[in-house]
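Have the structure open as you read.

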Amino acid sequence: MYPSVPVRRRAVAAGLLLAMLGLPPLASANEPGLVAEPDLTAERDLGGEPDPAAAPEPAAEPDSAAEATAAAEPDPAAEPAAEPAPAPGPDLAAIERIVAAQHKVSLKRLKDWIALPSIAAEDLNAREGAEYMARLARDAGFQHVEIIDTDGKPGVFATLDAGAEKTVGLYFMYDVKQYDPAEWSSPPLESRLVDKPGLGKVLMGRGAVNQKGPQAAFLGALHAIRESGQPLPVNLVLVAEGEEEIGSPHIGQLVHRPEVEEVLRDSVGVFMPYAAQDSDGNVTISLGAKGVIELELVASGEKWGRGPKKDVHSSLKAMVDSPVWHLVKALDTLVSEDGNTITIDGYPKAPPISAEHRVMVAAAAQVRSEAKAKEQLGVEHWIDDLAWRQANERLVSQPTVNIEGLVAGYTGPGGKTVLPGRAVAKMDLRLVPGMKKDDAIAALKAHLEKRGYGDIEVNVSGGYDGTQTSAGAELIQAQRAVLERRGIKPLLWPRNAGSYPGFVFTDAPLSLPAAHFGLGHGGGAHAPDEYFLIESSNPAVQGYDGAVMSYVEYLYELGK
C-alpha cells in the first residue's frame, strides 16, 4: 500500500522544514514519502556501544536574534527538497492474468444467474431474484448489502467503501423479459455456448446481454481487482431493481430513500454496465435515453355499455356492437394514416434536435453500416424511405406511439365464430427528453374522451421521463479516455432510442450524470436467441474477458 494523501503531505512538509533549518533530508522509509527510522547499526562496531569520539560537536548557540533568524532562513543556493515520487498506476497486466484465470468461475456465475429468471410481468421469482442479487454483491466485496421492499418488487442497495477519494454509482436490474422457449433455437435458461458465424462463440440465454452478461462481467472485474491485492480506486454505490422490464414503477421508492440519496449525492455519477460494441467493434457512447410509458387500452362491452359483456356467437354482429372494432377505431385516432406521426390532441411536443446532436448523428451514420442494420432488423425500408442519416435523426429525436400487441377473442388454431366482449391493446409510448410522462398520459386520456372513447380504460403499468447527460461530464470523459487509450475512436450518440430509468439520477434532487459503459457485444434483447459474446473471432470485438477488463480500466480512470 502507498501512503495516504495526508501522510504524503506531512512528509513533504517535514522535508521543507529540514531544508529551512539547513539540515539534510532524512532517509526514506520502505514506503515512499515516509520518514525512516535511524540506522543505529551503522554507529556500532562489531556489536559494541557507539564510539563517543564519533559523536558530533554540539552546534554553537547564536549570538543574537538576528543570527537565529538568519540561520532559520533557507539558503537560496541549497537544493529544494524533492517531492516524493507519485504512486505507480495499477498493474493491469497482473489483473488481466487473474481475469483469464477466473474465466470459468466468472462464466459460471453468469450461467447460474441466467438459470434464475425474475420476470416482473409474470410475478416470477422477484424475492428470489433480489436475494440472489444481494448475494452477488456480497461476494464481490460490498460490505453493506440491503434488500429494500417497495410497493412492487424488492430492490437491492449496497455500498463498497474502498477508502477512496471518489465514489461511483451503479445501476443494475435483476429482472428479464418474458420468453417463449418454442421460439428459441437453444433453451433460454441453459446458457449454452453456441458458434455464431462472423462473431465467435456466444452464450445464448434470456438476460444474456440485457443485462446479466454485462453486469456479471462488471462483478468479475471487482473479483479480479480484489484477487490482485490492489486497492479498488473508487467507492461504489449499487442500486438494483426488479421492475425495469415493466417500466420501473417503483424505482423512486428505492433511489429516493434518504440513506440511498445521501451516498449517491457525493458520487461523480451513475453508470450501467453495457455491451457497447457492434459486430464490427465500433463503440457508441450514448448521452441519454428516451423516456417510456407502458400501458394497456381496454375496450369492453361492460364499460362501454354497448356490445356483449362476454363472448357471443359472431352471427349476432348484425345487431350487436363490437368492442374490438371500438378499440380499433380509437387506436386509429392516435396516429396519422401511415401510423408514423402522433395525432393525439394536446400531446406534448418534442424539442427539436440540437445542432450538436445533429452533428453526432451525421458522424455516426458515416461509420455505421446501413445494409448491416437492415439485415439485422429484417427490414427493407425506413419510414418515408428516408436516407440513412435522416432515419437516424428521426430515431433519436421523435416520440413514438407503438402497439406491442392486440388481444381479443379466439387466437388458437383454426377459426372460432365469436363476437368478443373485450379487447386489449398493449402499448408503449417513447418520449424525448423534455417531454413529461404525466403530460402525455393526461393528453391521451383527454383525447379519448373528446373523440367519444372515454369508456376505454387507460391502465398505466409503468414509465418515466427521458434522461440526458452532457458530453463534458467526468463520467463520459473517462469513457473516452479508456477507449482512446485502446485505439478506439468512440461515436458520440445523443441518446438511446430505448429507455432506462436514468431520470431518477439525472433529475432533481440528485441531478447527477448517468450513462452506460462497457466493451463486448451482444444481441437479441427482448427477442428469441438473445446472446452475449464470450469468445470473439474478431480482434476488434471484445469477448467476455475483454469486457471484464474494460470495467477494470474504467474504474481506475474514474479514480484519477
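## Exposure and charge pairs

A residue is called buried under 20% relative accessible area and exposed over 50%, with partly exposed in between. Arg 430 sits at 23%, so Arg 430 goes down as partly exposed. Keep in mind that this is a predicted model.

Arg 430 pairs up with Asp 428 in a salt bridge, 3.7 Å from N to O.

## Two lysine bridges

Lys 560 and Glu 557 make another salt bridge, with their closest N and O atoms 3.0 Å apart. Here Lys 560 is exposed at 62%, while Glu 557 is buried at 14%.

Then there's Lys 201, which bridges to Asp 195 with the closest N and O atoms 3.1 Å apart. Lys 201 is partly exposed, at 24% relative accessible area, and Asp 195 is exposed at 59%.

## The wider count

How many salt bridges does a search of the whole structure find? The search turns up 25. There's also a network of salt bridges linking Asp 345, Lys 450 and Arg 451.

## Around Asn 392

Now for the asparagine: Asn 392 is part of helix α13, which covers residues 388-397. A polar atom of the Asn 392 side chain lies 2.9 Å from the backbone oxygen of Trp 388.

Leaving out residues up to four places away in sequence, Asn 392 touches Val 361, Arg 368 and Trp 493. Ala 362 is 30 residues away from Asn 392 in sequence, yet their C-alpha atoms are 8.5 Å apart in space.

How values were computed: Residues are numbered from 1 along each chain as its sequence is written. This is a predicted model: local features need pLDDT of at least 70, side-chain atom pairs count only at pLDDT 80 or more; totals for chains, interfaces and linings use all residues. Side-chain values use heavy atoms; hydrogens and water are left out. Helices (H or I, at least four residues) and strands (E, at least two) are DSSP runs, numbered from the N terminus. Contact means heavy atoms within 4.5 Å. A polar contact is a pair of N or O atoms within 3.5 Å; within protein, one must be able to donate a hydrogen and the other to accept it, and residues adjacent in sequence count only if both atoms are side-chain atoms. A salt bridge is a side-chain nitrogen of Lys or Arg within 4 Å of a carboxyl oxygen of Asp or Glu. Buried means under 20% relative accessible area, exposed over 50%, partly exposed in between (1.4 Å probe, protein chains only).
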